[in-house]
Amino acid sequence: MKTGITKTITIALAGNPNTGKTTIFNNLTGARQHVGNYPGVTVEKKEGRCRHCGHDINIVDLPGTYSLSAYAVDELVARNYLVDERPELVVNIVDASNLERNLYLTMQIIELGLPVIIALNMTDTASKMRVKIDIKRLSELLGVPVVPCVGIRNEGSAELLDAILAVVLGKTHRQAAGVFYGDVIERQIYEISEALGVTEHISDIDRRWMSIKLLENDQQVFSKITSQDAVEHIEKACSSVNRRLGLSAEIAIADKRYSYIADICRQAVRSAPEVRRLSDRIDSILTNKYLGIPIFLAVMYLVFQLTFTLGAPPMDWIDAGFGRLADIISAFWPSGSESLLRSLLVDGVISGVGSVLIFLPNIMLLFIAIAILEDTGYMARTAFIMDRLMSRIGLHGKSFIPFIIGFGCSVPAIMATRTLENKRDRLLTMLVVPLISCGARLPIYALIIPAFFPQSLRTPMLWLIYIIGIVLAIGCAKLLSMTLFKGQAAPFVMELPPYHLPSAKSVLLHMWERSALYLAKAGTIILGVSILLWVCTSFPKKTTFDHDYVKLTIQAKQTLRGDALNNRLTQIADDQQAETMAYSVAGRLGHTIEPVLRPLGFDWRIGTALVGAIAAKEVFVAQLGIVFAVGEADETSGSLRTQLRKHYTPLNGFCIMLFCLISAPCMATFAITKRESNSWKWATFQFVGMTALAYVITLIVYQVGHILL
């Protein structure tokens, strides 16, 4: 398609959840996209750009929504963007295999008076289901262009861009068809519209849409009416519809929309005799009330097995790389140099940030696994599977979706609670979601588990710690639902999308988005905290010691040989390091809180690391790297895991993981809880409550384990 004029075009992508909207967005924009939040709300806003036939196209990916009614935050955000920003075009992503259900949103968008294109996605799935859609006839009936697409194979993207330019540049002129609501409703729409024109001075383009929304008793639109005369006119119109049709205006309008859509589908869609779909056959197993939960647990076990097994080699490469980097930097100073700059670079930056980045392969593998489970449609099934259990503990079935997202990060998981319409369900879910092990905790587990447990127990231990988090989240939700949040959860209504083969591009983009956040945290928060912790572990300098370590070293070399000498030299170095660290700011802080943590099996080193982890969970690992790197006797000293094995037992290691799992989330989670709940009270309650719970449970486990072992 050739055009002679260039311009920047802004379009919006709208559609139901699970229609492949994000895949098409990724196909159109590639890596030229960024993620933020809509003004005033913590709903994710994706924008991207592409260039086609000399034109720059700015694409806004709206939250997935089933309608433009203002029931949930996502619906309100999507509608407000379309109403207030009025993009030049709306590309409505429609699932060809569920056309009748998807067209309900389409009719609402058309009523806004915006130019619309239908991107008929998943046409391959519809074909497999023996659903034949007459594209030309569907376009004629709707009065808008219809472009068939297969998002996961990037088919139809070029044609979609051609259609966008044709509509925006005025080369396609077509009047979109609207719903005729019958004489009774249409009469009231006309009268309300006339009243709005006189009393509210609203433009013609918005009046019909507003009139319909007012008849539907949309409170968001109703709040914009300032004239009492208009309010009385609207109430009279609603009463008239109710009296003459025997239905509320809201139900009558919805019924007319569905009837209109059904008529379109009868004319444009041909379906084969009903056959049992492959998705149904798979669901008969995966969502079985007896098999569903065991299969889910097995899937998660497999994910953790792959995370450890496939992640081990690249972790070793990164570890070796940082080791060589430390050697290269150290070589700029004479052997045994006490240069502060060398210590900052090697013991602070490399030991701190490097000890976190080493776990990047585990993080990436976990995010890939979660993205695959999301894109195949299995994640939606987990909510369905868990609904029976969730309802018993006072939570909504959809609450399990934030739980699943929480395996990646608690921040988007808390943001995902906006899909819950009921404020009680949303707040309750928000408070317990951080008990799910996020990706930031994975470096702690990946450090501790191989340090204390043999290869055969590593996957079971990781699986166990994740299951403990889920069980605790469920238990706390039950307790809160019986006390602070008494009440009934909203009914569970959720569509199960057909299964799809995930797009490699979509999976990799999801993985990169989340991994990039991890890298950004390593390069900013963790780097800053690592430097601060290095300062705290390096100052003040201790000049006089309780023992003459030089004399002890000479005596050892004169009297001992072989392994005995090496062990004695290591012991002397550790004693000197411990005395040096104890004199520092970090050591004094650690020793101050050590009496409180000692019943949990933690010493001052663990206490110092836990304080640092308040900023970000990964800092726990970074701080341990700094603590055990300061005062190293020579270049042959063991790795961080070796140091841990020398100072702690497997019981200590398990208790460290347990405390880090349950204790207060990072500052970012605290901040997002405050924003989403709009309350310091609930954010503080979450922070203090989780820390207290972590202390009590870890205390019990350590004391009982200490007695038994």
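**Close-up views of side-chain contacts**

F670 is buried, with a relative accessible area of 16%, where buried stands for under 20% relative accessible area, exposed for over 50% and partly exposed for what lies in between, with a 1.4 Å probe and protein chains only. The model is predicted, so local features need pLDDT of at least 70 and side-chain atom pairs count only at pLDDT 80 or more, while totals for chains, interfaces and linings use all residues. Residues are numbered from 1 along each chain as its sequence is written, and side-chain values use heavy atoms, with hydrogens and water left out.

**View 1. A salt bridge joins E111 and R257.** Among the 20 salt bridges counted in the model (a side-chain nitrogen of Lys or Arg within 4 Å of a carboxyl oxygen of Asp or Glu), the one shown here is formed by E111 and R257, whose closest N and O atoms are 3.1 Å apart.

View 2. D425 and R424 meet through their side chains in a salt bridge with an N to O distance of 2.7 Å. D425 is buried, with a relative accessible area of 0%, and R424 counts as buried at 13% relative accessibility. The side chain of R426 meets that of E676 in a salt bridge of 2.2 Å, N to O. Because R426 lies in helix α19 (residues 423-432) and E676 in helix α31 (residues 667-677), this pair ties together parts of the chain that are 250 residues apart in sequence. R426 is buried at a relative accessible area of 16%, and E676 is buried at 9%.

View 3. The structure holds 10 aromatic pairs. One of them is formed by F545 and Y549, with 5.7 Å from centre to centre and 85° between the planes, which is edge-to-face. F545 counts as partly exposed at 28% relative accessibility, whereas Y549 is buried, with a relative accessible area of 7%. The ring centres of F670 and W680 lie 6.0 Å apart and the planes are at 40°, so this pair is tilted. F670 in helix α31 and W680 in helix α32 (residues 680-708) are 10 residues apart, and the pair links distant parts of the chain. W680 counts as exposed at 54% relative accessibility. Rings of Phe, Tyr and Trp (its six-membered ring) are paired here if their centres lie within 6.5 Å, with planes under 30 degrees apart called stacked, over 60 edge-to-face and the rest tilted. F485, W682 and F685 form one aromatic cluster.

**View 4. K542 and R588 sit over aromatic rings.** K542 lies over the face of F545, at 6.0 Å from the ring centre, and the charged end of R588 sits over the ring of Y583, 4.7 Å from its centre. A charge sits over a ring if NZ of Lys or CZ of Arg is within 6 Å of the ring centre and within 35 degrees of the ring normal.

**View 5. Six nonpolar residues make a surface patch.** V696, I700, V704, I707, L708 and L709 make a nonpolar surface patch of about 690 Å² (residues with over 30% relative accessible area and no salt bridge, like charges joined within 9 Å and nonpolar side chains, namely Val, Leu, Ile, Met, Phe, Trp and Tyr, within 5 Å; areas by the Shrake-Rupley method with a 1.4 Å probe, only the protein chains shown counting as cover for residues).

**View 6. S157 contacts N154.** S157 has its place in helix α6 (residues 157-168) and counts as buried at 13% relative accessibility. Its side chain makes a polar contact of 2.5 Å with the side chain of N154 (N or O atoms within 3.5 Å; within protein, one must be able to donate a hydrogen and the other to accept it, and residues adjacent in sequence count only if both atoms are side-chain atoms).

Key. Helices (H or I, at least four residues) and strands (E, at least two) are DSSP runs, numbered from the N terminus.
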